[in-house]
There are 2 protein chains.
Amino acid sequence: MNTDQLNQHEALLVKNGLKKTGARLRVLDILSGSEAAASQPDIEHVVGKDIDRVTLYRILKTFEEKGIIHRIIDNQGTANYAFCHNNCSEHAHHDEHLHFNCVNCQKVYCIDNAHLPHFKLNLPPGFSLQQLSFVATGRCENCSKLTEQK
Amino acid sequence: MNTDQLNQHEALLVKNGLKKTGARLRVLDILSGSEAAASQPDIEHVVGKDIDRVTLYRILKTFEEKGIIHRIIDNQGTANYAFCHNNCSEHAHHDEHLHFNCVNCQKVYCIDNAHLPHFKLNLPPGFSLQQLSFVATGRCENCSKLTEQK
DNA sequence: TAAACAATTGCAACAAAATTGCGTTTATAT
DNA sequence: ATATAAACGCAATTTTGTTGCAATTGTTTA
């Protein structure tokens, strides 16, 4: 319940021509609070009955369309959401992302400050590249600590 | 209906201790026929009533477990399947993959012969890397030809 | 080649996830 | 304070994925 953050979130909504509603602020709060990206099921679980499931779908959808958050599909096909940092605009994401997907807890981490090499990718003829992203899989910090967990 | 290919597929099943059934051979045939990976909905659509939906799920699952095919989740969260080439074993995929996901038709292509750089990824402390893969998005050959298609 | 056995399949029922329509409520501008 | 469009919640529906079980089929072996 940080006041600064609340104001920041409200400003974010206004900036994008969205009404300041409790449900939306709640979602923004959840996304701010988690270090990793938040999975849709997780968000759903956290908000419980406070926000209708349909409303949640729609909130996430409009946030994504406005470029406030971006959606990351993890290795199991589950949608995860995180704030857009860096160069995300409403219409395109121009940077090279790196996402880390933990094989144990399935959490998705956006690694912003990893040094990523720029290189020319040679695709088959006719293929045009719009974006390149890196997906690392392995064990996150928490799960590395757990011994012998399958 | 290539005879050579049929024998090859039958051998593949036998090698993995699986019975030669019509449904399985059909799935292998479909996967062989498509240049890109085949999405689960596509396969389902192609086979129609010939193979029960549940059976298809199970076939794909066992094929994946045996390391015959691998599953690729595309940007929409849809499962796609393709044969394992290269260094796939039953238990792990050791190579660095490159997948191309078309933003227009959503098809997933496994790009095997692209030169991928090897580099040391610096992850946050505690994170251990098991695999790194590359996901390129853009327009595939077919969709590049189409003018102004949204 | 026939019997025996386990693997595989299909069906039905179920559960979970996602979508649509619509009436009501609410935030914001006037 | 009121008008208005946006946002929400509920109900119904569709789509997707799972489970259990009985019937069938492929393969082994006698």
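Biologist: In the hairpin of S4(B) and S5(B), which residue takes a positive phi?
Modeller: This is a predicted model, in which local features need pLDDT of at least 70, side-chain atom pairs count only at pLDDT 80 or more, and totals for chains, interfaces and linings use all residues. Residues are numbered from 1 along each chain as its sequence is written, chains are lettered from A and ligands numbered from 1 in the order in which they are written, and side-chain values use heavy atoms, with hydrogens and water left out. Strands are DSSP runs (E, at least two residues), numbered from the N terminus. The hairpin has 5 residues between its strands, and the residue with a positive phi, near 70°, is B:Gln106.

Biologist: In which sense does S4(B) pair with strand S6 of chain B?
Modeller: Two strands pair if DSSP finds at least two bridges between them. Over 6 bridges, the sense of the pairing with S6 (residues 128–139) is parallel.

Biologist: Why is S4(B) largely enclosed by the rest of the structure?
Modeller: Buried means under 20% relative accessible area (1.4 Å probe, protein chains only). Both faces are covered, with B:His97, B:His99 and B:Asn101 on one side and B:Leu98, B:Phe100 and B:Cys102 on the other. The strand, residues 97–102, is largely enclosed because the number of its 6 residues that are buried is 6.

Biologist: Which residue of chain B has a side-chain N or O atom 2.9 Å from a base nitrogen of DNA strand D?
Modeller: On the phosphate side, polar side-chain atoms of A:Thr21 and A:Thr55 each lie 2.7 Å from a phosphate oxygen of DNA strand D. The base nitrogen is instead approached at 2.9 Å by the side chain of B:Arg53.

Methods
Polar contact = N/O pair within 3.5 Å; in protein donor to acceptor, adjacent residues only side chain to side chain. Buried < 20%, exposed > 50% of the residue type's maximum accessible area, 1.4 Å probe, protein only. Helix = DSSP H or I, 4+ residues; strand = E, 2+ residues; numbered from the N terminus.
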